[in-house]
Amino acid sequence: MPRAGKKRRATESESEPGTAAAAATPQPQQPGKKRRRRREPGATVELAPRALRAAPRVVPRAFYVRSDAVAIAREMLGKVLCARGDDGVVSRGVIVETEAYTGLDDMACHSARFGRTKRTQSMYRPGGGTYVYTCHTQHLFNVIIGDEELPAGVLVRAVEPLSPIDLMLGRRNLDRLLPARLAAGPGMLTKALGIDKRFGDLDLCAGAESESDVGVWLEDVGIDLADSGVLASPRVGIDYAGEAKHYPYRFRVRQSQWTSRAK
């Protein structure tokens with residue numbers, strides 16, 4: 001799992017899930033100048049209108065207890081992340097970017113790197129729990145999947161905001177809606193939604209009925225993205241992970257302006 005805030009060079013290839021990345025023909029460039037990767041041309045994809053029209057339901061435990069973290073990370077795109085603060089206000093955003101961490105066979109995963117410690121204990125609980133850790137003063141929010149024998153999870157990297165927008169802007173110290181700065185990164189989205197360490201080790205399946213001071217859950221709003229609408233690429237900030245740094249376990253909604261910058 002990544003170190004928040006660490007920058008990486010824009011060299012990783014992107015591909016659609018289940019397909020090989022097309023080989024790109026190198027283009028000449030002037031010495032000393034770096035090419036900036038830009039978003040693909042075309043209209044942007046906005047999921048918020050679809051989410052706001054739907055009748056949401058809390059995602060059940062059966063979704064989380066499966067053993068395939070990669071499939072779950074892909075399927076979490078389009079789900080709505082809901083965070084209730086101790087003031088009762090619920091902040092919502094559509095998930096548009098995730099990363100899968102598959103457990104003990106994945107050296108980018110905390111359970112493989114650090115083993116079973118006080119910090120990683122929540123990863124060894126049944127799927128449907130949460131794991132929040134701090135990195136460079138930022139809180140990163142993870143969904144636990146599988147069972148006690150499979151300490152794996154999914155990092156939520158970006159959301160498209162739903163409500164309350166004004167509160168999210170205030171938390172991020174913004175005076176206007178800037179997609180690249182509001183919730184387009186794992187540390188930014190937790191700040192925007194008001195998620196901190198209190199949201200760790202909670203039960204996502206309790207939904208709004210959670211008895212804790214704060215609560216968090218995912219809602220299914222019927223958004224099902226085709227493979228052509230999803231980008232798969234290597235994860236961010238895990239150069240230490242050996243071969244695992246190349247695994248295409250990062251998923252983004254194609255053409256969404258709310259995802260983090262392409263790496």
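Modeller: Let us begin with burial. A residue is buried when its relative accessible area is under 20%, exposed when that value is over 50%, and partly exposed in between (1.4 Å probe, protein chains only). F63 has a relative accessible area of 11%, so this residue is buried. Y64 is likewise buried, at 0% relative accessibility. This is a predicted model: local features need pLDDT of at least 70, side-chain atom pairs count only at pLDDT 80 or more, and totals for chains, interfaces and linings use all residues. Residues are numbered from 1 along each chain as its sequence is written, and side-chain values use heavy atoms, with hydrogens and water left out.

Biologist: How many aromatic pairs are there?

Modeller: Rings of Phe, Tyr and Trp (its six-membered ring) pair if their centres lie within 6.5 Å; planes under 30 degrees apart count as stacked, over 60 as edge-to-face and the rest as tilted. That rule gives 3 aromatic pairs. In one of them, F63 and Y64 have ring centres 5.3 Å apart and planes at 90 degrees, so they are edge-to-face. The rings of Y247 and Y249 also have centres 5.3 Å apart, but their planes stand at 50 degrees, so this pair is tilted. Y247 is partly exposed at 26%, whereas Y249 is buried at 19%.

Biologist: Which residue lies over the face of F63?

Modeller: A charge sits over a ring if NZ of Lys or CZ of Arg is within 6 Å of the ring centre and within 35 degrees of the ring normal. R66 lies over the face of F63, at 4.8 Å from the ring centre. R235 is placed over the face of Y101, at 4.7 Å from the ring centre.

Biologist: Why does strand β6 count as largely enclosed?

Modeller: Strands (E, at least two residues) and helices (H or I, at least four) are DSSP runs, numbered from the N terminus. Of the 12 residues of β6 (residues 152-163), 11 are buried, so the rest of the structure largely encloses this strand.

Biologist: Which strands are joined to β6 by bridges?

Modeller: Two strands pair if DSSP finds at least two bridges between them. Strand β3 (residues 90-101) runs antiparallel to β6, joined by 9 bridges; E97 has A158 as its bridge partner. Strand β5 (residues 138-145) pairs with β6 over 4 bridges, also antiparallel, and I144 is partnered with G153. β5 and β6 form a hairpin with 6 residues between them, and G146 in the turn has a positive phi of about 80 degrees.
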